[in-house]
Amino acid sequence: MARTIIVGGGVYGTAIAWGLASRGVEVQLLEAQTVASGASGGPGRRGVRANYRDHRELPLMARAREIWPGLHETLGTDPLFERTGHLMLIERERDLANAEARVVLQNRHGIPTSMLPAAAVRDLEPGVAPSIIAAVHCPGDGVSDHTATTKAFAAKANEVGVDLRQGVRIANVIERNGRAVALETVEGDEIQIGGDLFLFANSSVRDLVRPWAELPTWNLALQVLVSRPLADNPVRHLIGHASRTLSLKAEEGGRLMISGGHLGHWDPETRTGSALPDAIKANVADAVAVYPSLAGLEVEVADANHLEAESLDSIPTIDRVPGLSNAFMGCGWTGHGWAIAPAVAELVTSWALDGTRPQALAPFGYARFATQS
Ligand SMILES: Cc1cc2nc3c(=O)[nH]c(=O)nc-3n(C[C@H](O)[C@H](O)[C@H](O)COP(=O)(O)OP(=O)(O)OC[C@H]3O[C@@H](n4cnc5c(N)ncnc54)[C@H](O)[C@@H]3O)c2cc1C
């Protein structure tokens with residue numbers, strides 16, 4: 001039996017499952033809870049941003065930007081992506097040189113980007129505080145509905161015969177002669193692997209590959225806030241900030257999503273996360289500092305229930321598992337793995353099918369953490 005197994009029903013697992021199965025591979029997809037219950041689900045939308053991305057991810061983002069606008073047609077859904085443009089707001093003189101360098105680099109990667117002086121920022125975002133002195137503008141960036149997209153990938157995977165099993169939590173990978181031959185569930189059941197194994201279970205990948213690789217990643221319960229409807233939402237673009245932990249997105253019904261990297265509390269026993277009052281206050285305070293008219297904003301939803309793995313060098317590891325000739329892994333997206341997902345899934349699928357690692361994935365190899373001895 002040549003059944004390939006994918007662990008993790010987030011955007012990566014579902015997109016890779018669809019990609020492989022639509023090229024004739026027999027695929028079983030195992031998900032501990034339900035599709036889109038991890039980082040690929042939850043309130044609000046996700047930023048699809050090239051602006052201020054690590055330079056090693058820019059080639060992936062250049063490809064992802066080609067995919068996103070038409071992805072709903074490929075998946076047969078309502079539009080999933082909205083082009084809003086991204087503004088990285090700058091408040092401190094000392095952040096300007098970094099901003100100039102990014103403008104040059106992003107344009108060199110074919111991602112139109114410009115530096116806006118204060119007056120031009122106010123033309124685009126009239127509500128920003130007087131303290132904003134400039135912004136880096138990336139007009140092709142936007143936002144997408146992560147839950148709908150992930151479910152749409154799963155539905156396409158189902159159409160091409162992927163065997164999706166939800167409620168199956170994998171505890172261990174069983175190896176024989178350098179191959180992953182089976183998986184052990186937390187209940188102690190064994191699931192045989194006939195073909196390849198894809199470990200794309202985000203928060204669990206580090207533990208699952210530990211016998212073969214020491215990934216320098218850890219899990220974070222990232223906080224997302226959604227406001228009650230605002231009479232006049234001042235936020236027009238996807239907004240980031242060069243020196244505050246802040247990301248803003250206008251949501252439906254006049255709501256505002258506030259995030260950026262504040263952390264909630266994760267309970268490993270119940271596997272649930274909760275937002276913390278101080279972190280909520282800090283996130284809202286930053287939003288108000290940047291858009292003064294948001295003073296008095298009320299939080300409708302405060303969520304920290306969706307774990308994400310962060311990596312030591314802030315870029316993911318996407319590679320074969322060393323010592324397991326038929327296994328691939330991907331994790332450590334560090335809070336920005338959504339935007340590049342369609343491009344990465346496409347590249348991982350082609351790697352598995354033709355055996356050659358695509359050049360664009362070379363910077364994400366595990367060997368970058370190996371010792372020199
Ligand atoms: C709050 C928040 C905001 C974010 N904002 C952005 C953004 O604006 N832009 C951006 O680009 N990125 C953003 N990200 C990051 C992005 O959402 C993630 O990098 C991406 O969704 C990861 O997808 P995944 O498929 O690897 O992981 P997940 O969606 O977490 O999927 C992994 C799945 O594996 C399952 N699983 C875990 N362990 C096991 C196991 N042992 N056995 C079986 N199944 C298992 C989980 O239940 C989960 O469904 C954000 C993330 C969070 C949490």
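This report describes the ligand site of a predicted model and the helix α1, which contributes to that site.

## Ligand shell

The shell around the ligand holds 35 residues, and Glu31, Ser40, Gly47, Ser204 and Glu308 are the closest of them. By residue class, the shell consists of 15 nonpolar, 14 polar and six charged residues.

## Polar contacts and cover

Glu31 places a polar side-chain atom 2.6 Å from a ligand oxygen, and Asn202 has a polar side-chain atom at 3.1 Å from an oxygen atom of the ligand.

On its own, the ligand has 1000 Å² of accessible area, of which the protein covers 95%. Two or more shell residues come from each of the elements α1 (11-21), β2 (27-31) and β3 (46-48).

Helix α1 is largely enclosed by the rest of the structure, because 11 of its 11 residues are buried, that is, under 20% relative accessible area. The buried residues include Val11, Tyr12, Ile16, Trp18 and Leu20, and also Gly13, Thr14, Ala15, Ala17, Gly19 and Ala21.

Among the strands are β1 (4-7), β2 and β13 (197-199); among the helices are α3 (71-75), α6 (146-159) and α9 (341-354).

How values were computed:
Residues numbered from 1 in each chain as written. Predicted model: local features only at pLDDT ≥ 70, side-chain atom pairs only at ≥ 80, totals over all residues. Heavy atoms only, no water. Near = heavy atom within 4 Å. Polar contact = N/O pair within 3.5 Å; in protein donor to acceptor, adjacent residues only side chain to side chain. Areas by Shrake-Rupley, 256 points an atom, 1.4 Å probe, with all protein chains shown as cover. Helix = DSSP H or I, 4+ residues; strand = E, 2+ residues; numbered from the N terminus. Nonpolar A, V, L, I, M, F, W, Y, C, P; charged D, E, K, R; others polar. Buried < 20%, exposed > 50% of the residue type's maximum accessible area, 1.4 Å probe, protein only. Contact = heavy atoms within 4.5 Å.
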